[in-house]
Amino acid sequence: MPKNLMVLNGPNLNLLGTREPEKYGTATLKDVETLIKNQASGHDLSVECRQSNTEGTLVDWLQEAGETVDGIIINAGAYTHTSVAIRDAVAAINIPVIEVHISNVYAREEFRHHSYISSVASGVIVGLGIQGYLLAVDALASMLREN
Ligand code: DHK
């Protein structure tokens with residue numbers, strides 16, 4: 001059976017390319033999603049990418065993905081540092097979830113140093129730019145091969 005991934009991006013990540021490019025780079029979200037799809041297809045994985053600025057929508061999509069795909073990549077943006085609801089949604093999921101941050105949150109403001117998601121994620125990739133999403137695809141591909 002072909003395996004499927006879901007990539008969820010949270011608030012303000014729709015602005016990639018123009019938003020603080022010194023921190024988030026110059027690639028647009030569309031560029032990033034194309035790279036993710038190419039990376040996934042190299043592993044014979046299909047991937048659906050979604051973005052929302054709304055916390056509840058991300059919770060709904062996590063619940064949906066937990067039932068319909070084999071692995072999830074999430075960059076919850078600022079909700080990483082605030083959302084117990086997103087953390088609880090991740091904790092309720094029985095498939096691997098990789099948390100990604102484009103910037104090195106530990107080299108930034110103190111309020112970005114804590115993630116509600118990290119302790120319930122399968123793994124975390126931080127500060128490697130948009131390459132983090134591609135490394136997360138590789139990690140999921142390897143986890144799914146082992147299962
Ligand atoms: C993205 C955001 O939107 C911020 O709120 C996080 C994260 C960091 C990132 O680096 O991808 O603090």
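Visitor: How far does a polar side-chain atom of H81 lie from an oxygen atom of the ligand?
Guide: The model is predicted, and the distance is computed from its atoms. Polar contacts are counted between N or O atoms within 3.5 Å. The pair formed by a polar side-chain atom of H81 and a ligand oxygen is separated by 2.7 Å.

Visitor: What share of the accessible area of the ligand does the protein cover?
Guide: On its own, the ligand has 310 Å² of accessible area. Of this, the protein covers 99%.

Visitor: Which arginine has a side-chain N or O atom 2.8 Å from an oxygen atom of the ligand?
Guide: The side chain of R19 places an N or O atom 2.9 Å from a ligand oxygen. The value of 2.8 Å belongs to the side chain of R112.

Visitor: How many residues of the shell around the ligand are charged?
Guide: Among the residues surrounding the ligand are P11, Y24, N75, I102 and V105, as well as R19 and R112. By class, the shell has 5 nonpolar and 5 polar residues, and its charged residues number 2.

Visitor: Which pocket corresponds to the space taken by the ligand?
Guide: The residues around the ligand include G77, A78, H101 and S103. The space that the ligand takes is the largest pocket.

Visitor: In what order do the elements of the chain run from the N terminus on?
Guide: The chain has 5 helices and 5 strands. Read from the N terminus, their order is β-α-α-β-α-β-α-β-β-α.

Visitor: What radius of gyration does the chain have?
Guide: The C-alpha trace spans about 45 × 30 × 25 Å along its principal axes. A compact globule with 147 residues would have a radius of gyration near 15 Å. The chain agrees with this, at 14 Å.

Key: Residues numbered from 1 in each chain as written. Predicted model: local features only at pLDDT ≥ 70, side-chain atom pairs only at ≥ 80, totals over all residues. Heavy atoms only, no water. Near = heavy atom within 4 Å. Polar contact = N/O pair within 3.5 Å; in protein donor to acceptor, adjacent residues only side chain to side chain. Areas by Shrake-Rupley, 256 points an atom, 1.4 Å probe, with all protein chains shown as cover. 1 Å grid on protein atoms, 1.4 Å probe; cavity = no way out; pocket = protein on both sides within 12 Å on 5 of 7 lines; lining within 4 Å. Sits in = over half its atoms within 2 Å of the grid points. Nonpolar A, V, L, I, M, F, W, Y, C, P; charged D, E, K, R; others polar. Helix = DSSP H or I, 4+ residues; strand = E, 2+ residues; numbered from the N terminus. Rg over C-alpha atoms; globule rule 2.2 N^0.38 Å.
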